[in-house]
Amino acid sequence: LTINTFIIQSHPTQAGAVIVDMLIENQAPFRQPYPKIKLRFDNLQGELVAQRIFSPQEYISRQSPQNSPAPKNIASGRQVHISFNLVDPGLSAANYLVELSN
């Protein structure tokens, strides 16, 4: 799985929150499970400001229409859009790192 697009922006209506938008692509020749998403924010000195790991259950439930089963896998060659809100890590968060894992 690869991240093709990753954007963090201020939430337009929720003070103290940001919106995370990303496109994940399954480039493997087989279906793969949705990954855990780890976000880490550091200050200019490389020190940790905030970190959170999102399980697939946390972010998929926000993507799926109510009363429909959440998808478990990403099909081969398919891109999926993932979007969720996050508490703003603050002005000292100058750098970020995003990782996908099982």
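## Salt bridge exercises

There are 3 salt bridges in this structure; a salt bridge is a side-chain nitrogen of Lys or Arg within 4 Å of a carboxyl oxygen of Asp or Glu. Side chains of opposite charge can pair when their charged atoms come close. You're looking at a predicted model, where local features need pLDDT of at least 70, side-chain atom pairs count only at pLDDT 80 or more, and totals for chains, interfaces and linings use all residues. Residues are numbered from 1 along each chain as its sequence is written, and side-chain values use heavy atoms, with hydrogens and water left out.

**Exercise 1.** Find the parts of the chain that the pair E99 and K38 links.

*Solution.* Start with the contact: E99 and K38 form a salt bridge, 3.9 Å from N to O. Strands here are DSSP runs (E, at least two residues), numbered from the N terminus.

**Exercise 2.** Decide whether R40 and D42 are buried, partly exposed or exposed.

*Solution.* First, the contact: the closest N and O atoms of this salt bridge are 2.7 Å apart. Now recall the cut-offs: buried means under 20% relative accessible area, exposed over 50%, partly exposed in between (1.4 Å probe, protein chains only). R40 has 23%, so it's partly exposed. D42 has 15%, so D42 is buried.

Definitions and conventions:
Helices (H or I, at least four residues) and strands (E, at least two) are DSSP runs, numbered from the N terminus.
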